[in-house]
Amino acid sequence: MKTDLVVDTKGLSCPMPIVKAKKALDGLESGQIMEVLSTDKGSVNDFQAWVKQTNHKLIAHEEVNGIYKFHVKKI
């Protein structure tokens, strides 16, 4: 998947992955896609709730070897 920005939050715990993602997403234009990498197990629920609150779109998320990847499209 083509991404416009990758935000590495590995090693950080709640709420820092969301905080860093929000700051990074603010710098993108509508329609651009951000990939966030996290090792925080709670980030799955956090990102699902965050995109609902902000009306952005969580395109995909997956976990590979303890690293969670989230693809968020700025609306």
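1. In helix H2, Asn45, Lys52 and Gln53 are exposed (over 50% relative accessible area, with buried under 20% and partly exposed in between; 1.4 Å probe, protein chains only). The model is predicted, so local features need pLDDT of at least 70 and side-chain atom pairs count only at pLDDT 80 or more, while totals for chains, interfaces and linings use all residues. Residues are numbered from 1 along each chain as its sequence is written, and side-chain values use heavy atoms, leaving out hydrogens and water.

2. H2 covers residues 43–54, twelve in number (helices are DSSP runs of H or I with at least four residues, strands are runs of E with at least two, and both are numbered from the N terminus). From first C-alpha to last, H2 reaches 16 Å, close to the 16 Å expected at 1.5 Å a residue (1.5 Å times one less than the number of residues).

3. Which residues of H2 are buried? They are Ser43, Val44, Phe47, Trp50 and Val51. Seen down the axis of H2, these buried residues fall within an arc of 135°, so they line one face of the helix (the arc is that of the directions from the helix axis to the C-beta atoms). The exposed residues Asn45, Lys52 and Gln53 lie on the other side.

4. The cover over the buried residues of H2 includes helix H1 (16–26) and the strands S2 (33–38), S3 (57–64) and S4 (67–73) (contact means heavy atoms within 4.5 Å). Just after H2, Asn55 has a positive phi of about 65°.

5. S3 and S4 run antiparallel and are joined by seven bridges (strands pair if DSSP finds at least two bridges between them). Glu63 has Tyr68 in S4 as its bridge partner. The hairpin of S3 and S4 has two residues between the strands, and Asn65 in this hairpin takes a positive phi near 55°.

6. The whole structure holds two aromatic pairs (rings of Phe, Tyr and Trp, the last by its six-membered ring, with centres within 6.5 Å; planes under 30 degrees apart are stacked, over 60 edge-to-face, the rest tilted). Phe47 and Trp50 have ring centres 5.9 Å apart and planes at 90°, so this pair is edge-to-face. Both residues lie in H2, three residues apart, about one turn of the helix. For Phe47 and Phe70 the ring centres are 4.3 Å apart and the planes at 15°, so this pair is stacked.

7. Phe70 is buried, as is Phe47. Ring pairs link Phe47, Trp50 and Phe70 into a cluster.
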